[in-house]
Amino acid sequence: MKNYKQMFNKRYLAIYIVYFCVFFSLGSLDTLIPLDLEEDFSSRTYGMFLTIMSFTEIFLPTCASFLSNKFGARKVTIYYFSLAIICAFFMEITNNSNVFVVFLIIICCSRTIFNFSVGNEIIFHVEDSKKGKFFAVRDMFLFSGISLGLFIAGIMTKYIKIRSVLILFSAFLFVPTIIMCLFGKQILYKVGNGNFTDERKSMNEYLRMLKKLFRQREFVVLLLIGIFTSVYSSCQAFLPFLASKIGLNYQEILSSFAAITIINVIIALFIGDFSDNNEKKYLYLIDLGSDLVPVIIFAFTNNVILFYIAIFLSSLKDIFAPTSFAYKYELFGKYEDELSRTGIGILESVTNLVSFFMPTVIGFLWGYIDAGIFCIAAFCIILSVLVGFALPRTTELKTNE
């Protein structure tokens, strides 16, 4: 763990503080929004909000990447956060549900805009030998921000209106915005050994870049893996139905495993350090295949003890998240800056597209085969692992540099 000392210099601390503030602000919105809409509007308004958000997330990652290439990641994030802060204050004076939902969507999109503009820029400029450790420490600050935000929001809702709490947390984006205004260049362009060039692209150049991207083997493989994992994730969303079928309360089960998040963060620190000095590809493949045993249990047994074991095993998957993120960013890091950012954005957009319509398909199948949908999930997990073997080892990436 001594290797982590280098991950806490001034530059990295500034980055962690930005992540903490962004997710402190936005992490509690998933809980506050349905409570507020139920209090002041209706469940139909919340349904409309979720539908529009899901549709928006199909295009937003690619748009954020494109705008970052054209105007610069820092400008895109600062301008968008400023817009979100303005919307937060206007939410206080509107009683029109449609206008309110528009303001909410603009605010909630801030997280995706941040991840695929400034977030990408930061990650691509962290040295490959430090990426695993960086993601592990970053996630520690990120989850701390979310947890603290939820805790404080819970206390505040006892004393003031939910709408006021929602506005205050949204307006807190002012803090990371100021940090990026004052220290943005240091945060973005001086992390690791990366060099950033703010070179604007025309639309024709951007289209040529897309064609080039789809000729890259790593991108196509990751795209296929993203599709397979989206199908599995859609199946996983039906676990509450399976729990109910065998007489269990799924929410109570998740609550009983809440402490696993803390354990995951601690173990991820060790795995992140280990992965920076060893081959990340195989840890990534283990991550892809780690849910195979749980989904087989979900598919073929109604035993309560085995169900609990499967949930426990599935909840441990997050220990590999920092390493998997680091590996994927190393794969994209071999391309030009603009190609890398665009590739990450498109990958997320395609994954969100599949996630948009797949729950409807899985829901239809549930009516005929119920737990059998987890056989589909198992098949997709196996395919993702097999396809993943086509990816290069990190040692090969370094050799080709």
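Here is a short chat about the predicted model shown above.

Me: What percentage of the residues is buried?
Reply: Buried residues make up 51% of the 401 in the protein chain.

Me: And what about contacts, how many join residues at least 24 apart in sequence?
Reply: Taking contacts between residues at least 6 apart in sequence, 87% join residues at least 24 apart.

Me: OK, the largest nonpolar core. Which residues touch the most other members?
Reply: Phe134 and Phe374 do, in a core of 114 residues. The largest share of that core comes from helix 1 (residues 10–26), with 10 residues.

Me: What does Phe374 touch, leaving out residues up to four places away in sequence?
Reply: Phe374 touches Cys235, Gln236, Leu239, Leu242, Val295, Phe298, Ala299 and Trp366.

Me: Switching to Ser384. Where does it lie?
Reply: Ser384 lies in helix 20, which spans residues 373–388.

Me: Is Ser384 buried or exposed, and why?
Reply: Ser384 counts as buried because its relative accessibility is 1%, and the cut-off for buried is under 20%.

Me: So which backbone oxygen lies 2.6 Å from a polar atom of its side chain?
Reply: That of Ile381. Leaving aside neighbours within four places in sequence, Ser384 is also in contact with Ile225, Phe228 and Leu288.

Me: Now Asp370. What is its phi?
Reply: Asp370 has a positive phi of about 30°, although it is not a glycine. Most residues other than glycine have a negative phi.

Me: Where is Asp370, then?
Reply: Asp370 is in the loop between helix 19 (337–369) and helix 20. Asp370 counts as partly exposed because its relative accessibility is 28%.

Me: Last topic, helix 7 and helix 8. At what angle do their axes cross?
Reply: At roughly 145°, with the axes of helix 7 (residues 131–156) and helix 8 (residues 162–171) coming within 10 Å. The crossing is right-handed.

Me: Which residues make that contact?
Reply: Helix 7 brings Gly149, Ile152, Ala153 and Met156, and helix 8 brings Val165, Leu168 and Phe169.

Me: How many of those are nonpolar, polar or charged?
Reply: Six are nonpolar, one is polar and none is charged.

Note on methods: Residues numbered from 1 in each chain as written. Predicted model: local features only at pLDDT ≥ 70, side-chain atom pairs only at ≥ 80, totals over all residues. Heavy atoms only, no water. Helix = DSSP H or I, 4+ residues; strand = E, 2+ residues; numbered from the N terminus. Buried < 20%, exposed > 50% of the residue type's maximum accessible area, 1.4 Å probe, protein only. Polar contact = N/O pair within 3.5 Å; in protein donor to acceptor, adjacent residues only side chain to side chain. Contact = heavy atoms within 4.5 Å. Axes fitted to C-alpha atoms, helices over the stretch in contact; angles between N-to-C directions. Left-handed = near helix turned anticlockwise from the far one by under 90°. Nonpolar A, V, L, I, M, F, W, Y, C, P; charged D, E, K, R; others polar. Core = buried A, V, L, I, M, F, W, Y, C linked by side-chain atoms within 4.5 Å.
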